[in-house]
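Open the structure in your viewer and keep the selection tool ready. We will stop at a few places, one after another.

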Amino acid sequence: MSSSLAPECSEVKERYDQCFIKWYSEKYLRGEAKTDDCKKLFDIYKECLSKAMKAKGIDTMLAEARKNSKDLDMDIGQSR
Amino acid sequence: MKVFESNCTFNYSWEDVSLANWRKYCAWNTKSTHVIAVDTLSRSVDPETGILITERLITCKQAAPRWLKAIFGTEESYVREISYVDPVAKTVTMKSMNLTLNNLLNVQETVQYVPDPECPAKRTLFKQDAKITAYGAFTRLRNAIEDFSVDRFHQNAIKGREGFEAVLQMSQKAFKELREGTIQEATMQTA
């Protein structure tokens, strides 16, 4: 899988990505995704990533973008 | 504003393409070297529709000509992407927008993967479009930036397609080996 923007998070990201790919191919695409099997791994990865994003100032950039694109995101979400 | 559009067909099922799409920028893709990192920010399944919504942050690094570097002053840039996978309708829709330098340049890209209606089990259509708008007081400069960006988009799209073909090929090989390995293991256990 691809690297993380924070090298210190690459290992936990890899573990999460592997879990997600397995869940996606074996459960989600077959319509059997009842639970989020990878939540624990995602939380560990997210904690690591959040620190790195804060240190690089990406968190504020992202918050701004999320605020501005709220309508657009919802449009796509409800397109079906 | 300038618009960039591109279409192509992949000779793989929608399921295979949608799975490999998560690995588009892994080590198997030796072409899209401008993407240096892909991070997942959030992910959820809509309980009503079953649509998988993923928010990712894409880190890019690409050399720019000197005149552009003088204006932009940075090489590393961030893109926010929201994707929607609809497993029932079989669509993957990805929308992305640049986070960096968006006061100078706005790039909005939409990518979609759908089964090819002529051969839905074996072929997938890829559609991509990007709306590129540069801001600033000088028309000539705005045009130059937009033209450069469209050109860059075009080059990256070609590399992206080649790189993704390699990922699809490797994914299928890996899954085949995995399946055969599992079968072999099962036979060994029963033997």
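**Stop 1: where the chains meet**

Between chain A and chain B there are twelve residue pairs in polar contact, both residues at pLDDT 80 or more. A polar contact is a pair of N or O atoms within 3.5 Å; within protein, one must be able to donate a hydrogen and the other to accept it, and residues adjacent in sequence count only if both atoms are side-chain atoms. Before going on, note that this is a predicted model: local features need pLDDT of at least 70, side-chain atom pairs count only at pLDDT 80 or more, and totals for chains, interfaces and linings use all residues. Residues are numbered from 1 along each chain as its sequence is written, chains are lettered from A and ligands numbered from 1 in the order in which they are written, and side-chain values use heavy atoms, leaving out hydrogens and water.

Now select the contact residues: 30 from chain A and 38 from chain B (contact means heavy atoms within 4.5 Å). On the side of chain A that touches chain B, 18 residues are nonpolar, six polar and six charged.

Next, pick A:Arg66 and B:Glu55. Their side chains meet in a salt bridge, 2.7 Å from N to O (a side-chain nitrogen of Lys or Arg within 4 Å of a carboxyl oxygen of Asp or Glu). The rule finds one salt bridge across this interface.

**Stop 2: the largest pocket**

Select A:Ser25, A:Arg30, B:Leu19, B:Phe175 and B:Arg179. Of the 15 residues lining the largest pocket, these are the closest to its centre. The pocket holds about 400 Å³ of space. On a 1 Å grid over the protein atoms alone, a pocket is an open set of points with protein on both sides within 12 Å along at least five of seven lines, a cavity is a set where a 1.4 Å probe fits but cannot get out, and lining residues have an atom within 4 Å of a point. Colour α3(B): it gives seven residues, the largest share of the pocket lining.

**Stop 3: the cavities**

How many cavities of 30 Å³ or more does a search of the whole structure find? It finds two.

Go to B:His34, B:Cys60, B:Val79, B:Phe153 and B:Asn156. They lie nearest the centre of the largest cavity, which is lined by 45 residues. About 1,100 Å³ of space lies there. Here α3(B) again gives the largest share of the lining, eight residues.

Finish at the second largest cavity, about 70 Å³. Its lining includes A:Met1, A:Phe20, B:Trp22 and B:Arg56.

Key: Grid points are joined across faces, edges and corners, and a volume is the space filled by probe spheres set on the points. Helices (H or I, at least four residues) and strands (E, at least two) are DSSP runs, numbered from the N terminus. Ala, Val, Leu, Ile, Met, Phe, Trp, Tyr, Cys and Pro count as nonpolar, Asp, Glu, Lys and Arg as charged, and the others, Gly among them, as polar.
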